[in-house]
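Please keep the sequence and the structure in view while reading.

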Amino acid sequence: MATSGEQAERVGTVRWATFAGVCVVALVWAAYSVGAQNGSFLTQDFGAQYHLAMITAHGAIPLVDFEHGWNAGSFWVNAALYAIAGGSPTIWYFLWGRLLGAGLGAVLAAAIGLRLRLHPAVMIALALGVLLLATPLHIKYTICLLWVFVLLPTGWLESRPRLAAAARVLLPALVFWQYVELAVLLTGASGLFELFARREVGWRTRILNCVQLAGGFVLGLVAQATAYRVLWGLSFADFNRQVILGQTETHEGSQYAVWNFFDLPTESGRFFILALYPFALLIPFVPLVWQRVSDSTRLVALAGLVLVVVPIRRVDNPHTTTVSALVLLALVLAVAELYERHSTPLVEPRAPASVSKPTRSATALPLAAAGALWAVGTLWIGFGLQSMAGAVLLVALAVAGAVLGGAFLRGATAAVSAGALVVLGCVPALAAVDHLDDMHRDAKSFAVSDSIARWAGPEYERCSGGTREALVMPNYLELYDALQITNPTPYYLFHYDFAQYEDVLVPQLEDGSIPVIIETMPLHTPQPWLTGAIRANYVPCSIVRIEKQATTVTIWVHKSRGEVAQQDLTIRQGKAVPTP
């Protein structure tokens, strides 16, 4: 596995074959994960992008949506995809969203594996993690993966200083034209890497690299302002008002939410992304881990760290998921590198006498408490402040803990890191327990059955004349226990091929062997022979309409039991009233 500098190992046939397989899987997933886009699609955020792509394709000159970072170049790319799709929203979304979103993200994850000469199994883990867990919503967030792929401090690019310098200048400039927000965040992440995380390179080179990155960002800004001035006559003041600073004036209210670890939303079944995100985000910055990972992993981790502003601003599944790709990559890379270091014995010279000895047990507990305090403070401040300051402080505390811990802890690194890891591990674990407790308390699985038993139970007693035999159909089988009745037939599941029992069940319906039928809902699969036999041989003694549960229960009594008083009741606001 690569660390930093030139990688001598060849890619090899197996890695290339793995990469090709990832490309095929990504294409197939992108195609089969798209449904036909209907009218409701065109009224949502994706529909807005589709509309802007359409008008751009017809000659409109877009500027920027500063809140979301969209810039002129992104609209031109969207317009090109619109043209390729022939105006079809489904094909356009396949290209823009699925193929160039999660599909390209998985390919880039595998390509990062190629550059780092990772084991094919790790390459597959990276790709599938991006494809299925941390799934970029669309092309915007694959820019993050492309950024780290290009600027990884290893391999052929680093061996060619002029080419590397050109990449550090041109990449921020090009990303600025596409997405202002990502250009700002990723340029900052690379600057942090050069200043605080890069090894084996002198300070002069690292500062020069920072200057190149900043120069690239300024180049993108100046080039766009000049282009709009020359080609469309837009003054710099108007450009600034419409494209850069002026856009922020319309968003004076707070855009940042508190990340409540123990009360997270659970929509779309992706609770684990929200629960694990803070844990996965900070693991690479634990001093013991930080010291042992490569420069490439440090760059990926820092790029994922600065993107924390996106899910903190909007605490929900889509925003968290879509920026989690780099966080996931950093975590997998760190685990792979730690495993490789552990499994590969290194022959090292005997340490001199001046090297710090391991921390004594007497001081281990206070040091572990210090590590726990760092983790708690980073989580509480970073995810708890309802402002941009939260994200800034989270980045600062994470980087400070990693850098200062690696520089000054020495023999105390293990103890401090252990305390931090305990806290980071407890957060998702306790959140999961709390989530299960919430679901247990809020479970609604028996709510309808309980409501039926409460409101239809008295009507059953009135209609049945004391018999404890009845057939419940087709659902809510809990009623057998709730009403203390037994099923006079061996049939419980009214499945699609239930008609095979027609010859046995119809005679029972005709001769009264089934005295009462409690119909709780329509059959999932129509069975005309069954419903016809019921209506021919039974009378509806009682109809109970429970408004709160949107459920109608009909109690059928066999005609052989004589005349019965029929009722139609509606349960409204906890009271039974005659149905008008």
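## Terms and basis

A residue is called buried when its relative accessible area is under 20%, exposed when over 50%, and partly exposed in between, with a 1.4 Å probe and protein chains only. The model is predicted, so that local features need pLDDT of at least 70 and side-chain atom pairs count only at pLDDT 80 or more, while totals for chains, interfaces and linings use all residues. Residues are numbered from 1 along each chain as its sequence is written, and side-chain values use heavy atoms, with hydrogens and water left out.

## A strand and its two partners

Strand S3 covers residues 538-546, and seven of its nine residues are buried, so the strand is largely enclosed by the rest of the structure. Strands (E, at least two residues) and helices (H or I, at least four) are DSSP runs numbered from the N terminus, and two strands pair if DSSP finds at least two bridges between them.

S3 runs antiparallel to strand S4 (residues 551-558), to which eight bridges join it, and Tyr538 stands opposite His558 in S4. The two strands form a hairpin with four residues between them, and Ala550 in the turn has a positive phi of about 55°. With strand S5 (residues 567-572), by contrast, S3 runs parallel and is joined by five bridges; Ile546 has Ile571 of S5 as its bridge partner.

## Aromatic pairs

Rings of Phe, Tyr and Trp (its six-membered ring) pair if their centres lie within 6.5 Å, and planes under 30 degrees apart count as stacked, over 60 as edge-to-face and the rest as tilted. A search of the whole structure finds 19 aromatic pairs. In one of them, the rings of Tyr50 and Tyr82 have centres 5.6 Å apart and planes at 55°, so this pair is tilted. Tyr50 lies in helix H2 (residues 45-57) and Tyr82 in helix H3 (residues 72-84), so that the pair links parts of the chain 32 residues apart; both tyrosines are buried.

Phe498 and Tyr501 form an edge-to-face pair, 5.4 Å centre to centre with 70° between the planes. Phe498 is buried at a relative accessible area of 1%, whereas Tyr501 is partly exposed at 24%.

## Ring cluster and charges over rings

Ring pairs link a cluster that includes Tyr50, Tyr82 and Trp70. A charge sits over a ring if NZ of Lys or CZ of Arg is within 6 Å of the ring centre and within 35 degrees of the ring normal. The charged end of Lys140 sits over the ring of Trp70, 5.1 Å from its centre, and Arg206 lies over the face of Trp203 at 4.2 Å from the ring centre.
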